[in-house]
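I opened this structure to see how the chain is put together. These are my notes, in the order I looked things up.

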Amino acid sequence: MSVSNEEFDISKFTAGDNFFGQMKEAGVADDAFIREIVEMFLNESAASLKTIVEAFEINEQETIRLFAHKMKSSFLMFDMDEAHALAVKLEQIEAPVSSGLESLTELQNICTRSFKLLRLKYLS
């Protein structure tokens, strides 16, 4: 699925508006700083998601829990409530980890779409 400006009204995508608006009002952020935060979030989240996928492949429950925990607060910052809820589920995963494959797949789909929209909104 490709997301472009023609297919989606980016002005309706509000991810991060609250958080970044507060930072701008407080005088602690400008557009360049926000770009850096978004880039860092996208890079670190992609790496964490990859680590979670790899941990599923080797049935490494603690790694899944650790990286899901790491990601969940960042999801809230970008108003990614569904991704946050899935990260909470993965953080509480029990053996066998295969029981969480549906949550992982859903999280990957949400992240793919949201990350594309964040790039359009903040990095284009």
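Predicted model: local features only at pLDDT ≥ 70, side-chain atom pairs only at ≥ 80, totals over all residues.

**Entry 1: Asn 18 and the ground rules**

I began with Asn 18, which is exposed, as its relative accessible area is 57%. For this label I used the cut-offs of buried under 20% relative accessible area, exposed over 50% and partly exposed in between, with a 1.4 Å probe and protein chains only. Asn 18 is in helix α1.

Residues are numbered from 1 along each chain as its sequence is written, and side-chain values use heavy atoms, with hydrogens and water left out.

**Entry 2: The whole chain**

I counted five helices and zero strands in the chain. Helices (H or I, at least four residues) and strands (E, at least two) are DSSP runs, numbered from the N terminus. Along the sequence the pattern reads α-α-α-α-α. The C-alpha trace spans about 45 × 35 × 20 Å along its principal axes. Of the 124 residues in the chain, 39% are buried.

I also looked at contacts, meaning heavy atoms within 4.5 Å. Among those between residues at least 6 apart in sequence, 69% join residues at least 24 apart.

**Entry 3: The core**

How many residues does the largest nonpolar core have? I found 36, and the ones with the most contacts inside this core are Phe 75, Phe 78, Met 80 and Leu 118. Such a core is a set of buried Ala, Val, Leu, Ile, Met, Phe, Trp, Tyr and Cys residues joined through side-chain atoms within 4.5 Å. The elements giving two or more residues to this core are α1 (17–25), α2 (31–57), α3 (61–77), α4 and α5.

Leaving out residues up to four places away in sequence, Phe 75 touches Phe 41, Met 80, Ala 83, His 84, Ala 87, Leu 107 and Cys 111.

Which residues of α4 are buried? I listed Ala 83, His 84, Leu 86, Ala 87, Leu 90 and Glu 91. They lie on the same side of α4 because they cover an arc of only 165 degrees around the axis. The arc is that of the directions from the helix axis to the C-beta atoms. As background, an α-helix has 3.6 residues a turn, so residues three or four places apart point the same way.

What covers the buried residues of α4 includes α2, α3 and α5. On the face turned away from the buried side of α4 I found the exposed residues Asp 81, Glu 82 and Lys 89.

**Entry 4: The largest pocket**

The largest pocket holds about 210 Å³ of space. I worked with a 1 Å grid over the protein atoms alone, where a pocket is an open set of points at which a 1.4 Å probe fits, with protein on both sides within 12 Å along at least five of seven lines; lining residues have an atom within 4 Å of a point. The volume is the space filled by probe spheres set on the points.

The lining has 14 residues, and the closest to the pocket centre are Phe 13, Met 80, Glu 82, Ile 110 and Ser 114. The largest share, five residues, comes from α5. The lining divides into seven nonpolar, three polar and four charged residues. Here Ala, Val, Leu, Ile, Met, Phe, Trp, Tyr, Cys and Pro count as nonpolar, Asp, Glu, Lys and Arg as charged, and the others, Gly among them, as polar.

I checked Ser 114, which is found in helix α5. Ser 114 counts as buried because its relative accessibility is 11%. Not counting residues up to four places away in sequence, Ser 114 touches Phe 13 and Met 80.

**Entry 5: Backbone in the loops**

Asp 79 lies in the loop between α3 and α4. Phi of Asp 79 is near 60 degrees, a positive value in a residue other than glycine. At 35% relative accessibility, Asp 79 counts as partly exposed.

Pro 96 is in the loop between α4 and α5. The peptide bond from Ala 95 to Pro 96 is cis, with omega near -5 degrees.
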